[in-house]
Amino acid sequence: MILREYQYSAVKEVESTFNSSNRAMLQLPTGAGKTVVFCEIAKRYFLSEVKKVLILVHRKELLEQASNSLGERCFKIKSGVKVIPKDFDYYVGMVESTHNRMERLPEFGLVIIDEAHIGNFNKLLFFKQDVKILGVSATPTSSNYTPLSDLYETLIQPTSIKSLINNNHLVDCKTWVFEEDAVNQASQEWDVKNFDFDQNQMGSFYSKKEMVQTTVDKYWQLCAGKKTIIFNASIQHNDDVFIALKKEGLNNVYSVHSEMLKSERDEQIQLFKNDPHGIMCNVGILTTGFDEPEIQCVILNRKTKSLTLYLQMIGRGARVFPGKEYFTLVDIG
């Protein structure tokens with residue numbers, strides 16, 4: 001695969017950094033092709049050092065993406081794996097599955113951590129070992145009490161969102177904001193848990209009849225007929241919005257959330273992908289590792305204190321697609 005200029009620059013900067021440091025964080029904005037870049041880094045490292053490479057991810061979709069890129073010399077560490085062979089070049093693992101099998105792992109020269117801002121990666125013992133570690137994230141801000149600057153020595157930023165838009169690698173957005181005063185006033189009474197607003201309290205507010213109606217009205221006003229993804233506040237709120245849209249006579253509405261069976265979620269996601277006018281209601285499922293370039297509208301139907309989450313949600317609409325000049329961002333948060 002031929003790398004874009006900034007992707008090649010990212011690879012070279014990482015290699016240069018590892019000449020003098022064992023810890024580096026690579027920031028690439030959502031849509032910049034993180035998987036392509038870190039898989040290229042993995043291949044070049046193995047060819048030059050002849051040392052095994054481990055890539056850690058936190059979602060099965062990301063595991064499959066990385067594994068497919070690295071090919072048959074890659075072993076997948078996931079739930080159910082009892083024996084880990086020592087004769088592969090590359091290993092891609094779910095973080096929990098890898099953590100539970102640390103004693104069975106071969107020795108690695110390089111560990112690559114995708115979505116490295118997520119706190120559950122920090123517990124892995126690799127940070128106490130003499131191994132090179134590359135964290136990769138679109139939003140390298142700490143998500144727990146451990147600052148990323150305590151784990152990584154260098155931040156590499158080969159490009160920016162503005163540059164990607166200017167060079168037609170991402171599309172810009174047109175933004176509309178609604179219910180700002182009402183949301184801000186209500187949120188003053190919400191608790192903060194795990195560094196963000198309490199989901200139940202926020203969900204109760206957004207499930208109010210007038211707030212659900214706002215979502216429906218803004219869909220018709222700004223998103224009608226366009227492929228749309230809606231980020232809702234809670235599972236109950238997600239169900240309320242889904243039902244309200246169905247009552248409007250819309251038969252192209254889909255829904256995913258954490259309490260659904262994986263097979264059911266996969267079916268709903270595939271139906272949405274195949275529907276050029278689909279509307280996807282979701283709660284925290286499709287924020288990372290989900291690429292659907294046809295999305296033209298993003299509705300933020302919740303509030304957040306997290307810049308990381310905010311950028312991940314709006315990034316779902318930024319992918320380039322033929323005929324897509326911009327995406328619409330409807331912010332009800």
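Q: How far is the sulfur of Cys 173 from the closest cysteine sulfur?
A: This is a predicted model. The closest cysteine sulfur to that of Cys 173 sits in Cys 297. A disulfide needs sulfur atoms within 2.5 Å. The gap is too far for a bond, at 11 Å.

Q: Is Cys 173 buried, partly exposed or exposed?
A: Its relative accessibility is 27%. Buried means under 20%, and exposed means over 50%. Cys 173 therefore counts as partly exposed.

Q: Which cysteine holds the closest sulfur to that of Cys 39?
A: The distance between the two sulfurs is 7.9 Å. A disulfide would need them within 2.5 Å, so this pair is too far apart for a bond. The partner in question is Cys 74.

Q: How many disulfides does the count come to?
A: The rule asks for cysteine sulfur atoms within 2.5 Å. By this rule, the count is 0.

Q: Is Cys 39 buried or exposed?
A: The cut-off for buried is under 20% relative accessible area. Cys 39 has 1%, so it is buried.

Q: Is helix 2 roughly parallel or oblique to helix 3?
A: Helix 2 covers residues 34-49 and helix 3 covers residues 60-70. Their axes lie 10 Å apart, at an angle of about 45°. Roughly parallel would need an angle under 35 degrees. That makes helix 2, relative to helix 3, oblique.

Q: Which residues of helix 3 make the contact with helix 2?
A: Helix 2 passes helix 3 in a right-handed crossing. Helix 2 brings Thr 35, Phe 38, Cys 39, Ala 42 and Lys 43 to the contact. Helix 3 brings Gln 65, Ala 66, Ser 69 and Leu 70.

Notes
Residues numbered from 1 in each chain as written. Predicted model: local features only at pLDDT ≥ 70, side-chain atom pairs only at ≥ 80, totals over all residues. Heavy atoms only, no water. Axes fitted to C-alpha atoms, helices over the stretch in contact; angles between N-to-C directions. Helix = DSSP H or I, 4+ residues; strand = E, 2+ residues; numbered from the N terminus. Parallel < 35°, antiparallel > 145°, perpendicular 65-115°, else oblique. Left-handed = near helix turned anticlockwise from the far one by under 90°. Contact = heavy atoms within 4.5 Å. Buried < 20%, exposed > 50% of the residue type's maximum accessible area, 1.4 Å probe, protein only.
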